[in-house]
Amino acid sequence: MPERLRENAVKLGYAALSFLAFGLLWGFVANYTAVGMFFPGPVTTLRYFFAHFMEAIGPGTIPYHAVMSLKRIIPAYAAAAAVGVGLGLLMAMYWPVDALVRPIFSIIRPIPPVAWIPLAILWFGINDESKYFLIALATFLSVLQNAYDGAKAADQQLIGVARMLGANDRRLFTTVVLPGAVPYIFAGLQLGLNAAWGQVVASEMIRSIDGLGWIIIRGTDSNNILQELAGIVMIGALGYALAAALRFAESRLVRWNKRGT
């Protein structure tokens, strides 16, 4: 068996073992402790979860609510990621841009994105525009910082050699700065994705008529623990799939970076 294939098989085995251990722990807690009085076990939860792939919860099935959440996340995440990466790199390359943006960024960054929800509703109303703003803000803050840090971490010796060989700013950026920043950028994209999920779920829980956050908060209102867990399971599954897609893209675009394999 080739070494790479053997390594992937071992990783898959460890992943399966991890899920099994988690399921056993969950089942033990649900069946043999007092928590089980209000906490269903994994089999019951998964049965409910898959049953509602066909049976509706409110306006639609679980896949319908997942699609509605993704429709809010993907455009806002993509736009904010593109702006965050571009601006972060510009800040690192040109000090006037850094001097202009850094003070505002330093003020906004410590503010939890969830704190913007009341203002977002006031500015954009209760429709999806406010959710787009919140998702974009959460993504932008994570991505910009990592892109900036990655560009600043570029090997100064390589930069000096490139300048000695006559490289202009464009050549220096494409051959030295950007390749060194790519791993940081992907790390920021992962963090931004996590922040985007947290923000869309929070905003859907506060004001929405569908989405995975809506499933959770409606389950809370009706004391339906299974519905809450079904929403949580779907969020976890989608988050894992999107994170895996980003890691796959990194492994193809940054083959020299071991973290992306």
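How many aromatic pairs does the count come to? The count comes to eleven aromatic pairs. Here, rings of Phe, Tyr and Trp (its six-membered ring) pair if their centres lie within 6.5 Å; planes under 30 degrees apart are stacked, over 60 edge-to-face, and the rest tilted.

**Before you start**

This is a predicted model: local features need pLDDT of at least 70, side-chain atom pairs count only at pLDDT 80 or more, and totals for chains, interfaces and linings use all residues. Residues are numbered from 1 along each chain as its sequence is written, and side-chain values use heavy atoms, with hydrogens and water left out.

**Stop 1: ring pairs**

Select Phe50 and Phe53. Their ring centres are 5.7 Å apart and their planes meet at 40°, so this pair is tilted. Phe50 is exposed, with a relative accessible area of 52%. Phe53 is partly exposed at 31%. The cut-offs: buried is under 20% relative accessible area, exposed is over 50%, and partly exposed is in between (1.4 Å probe, protein chains only).

Now select Trp116 and Phe133. This aromatic pair is edge-to-face, with 6.5 Å from centre to centre and 75° between the planes. Trp116 lies in the loop between H4 and helix H5 (117-124), and Phe133 lies in helix H6 (residues 128-152), so the pair ties together parts 17 residues apart in sequence. Helices are DSSP runs (H or I, at least four residues), numbered from the N terminus. Trp116 is buried, at 17% relative accessible area. Phe133 is partly exposed, at 23%.

Ring pairs link Trp116, Trp123, Phe124 and Phe133 into a cluster.

**Stop 2: salt bridges**

A search of the whole structure finds five salt bridges. The rule for each is a side-chain nitrogen of Lys or Arg within 4 Å of a carboxyl oxygen of Asp or Glu.

Select Glu204 and Arg72. Their side chains meet in a salt bridge, 2.6 Å from N to O. This pair links distant parts of the chain: Glu204 is in helix H8 (residues 169-206), Arg72 is in helix H3 (residues 62-93), and they are 132 residues apart. Glu204 and Arg72 are both buried. Arg72, Asp128, Glu204 and Asp210 are linked in a network of salt bridges.

Go to Arg218 and Asp221. Here the salt bridge spans 2.5 Å, N to O. Arg218 and Asp221 are separated by about one helical turn, because they are three residues apart in helix H9 (residues 212-221). Arg218 is partly exposed at 30% relative accessibility. Asp221 is exposed at 53%.

Now find Asp98 and Arg102. They form a salt bridge, with the closest N and O atoms 3.5 Å apart. Both lie in helix H4 (residues 95-108), four residues apart. Asp98 counts as buried at 15% relative accessibility, whereas Arg102 counts as partly exposed at 22%.

**Stop 3: a charge over a ring**

The charged end of Arg102 sits over the ring of Tyr148, 4.4 Å from its centre. The rule asks for NZ of Lys or CZ of Arg within 6 Å of the ring centre and within 35 degrees of the ring normal.

**Stop 4: helix H1**

Select Leu24. Leu24 lies in helix H1 (residues 3-32). Leu24 is exposed, at 58% relative accessibility.

Conventions: Helix = DSSP H or I, 4+ residues; strand = E, 2+ residues; numbered from the N terminus.
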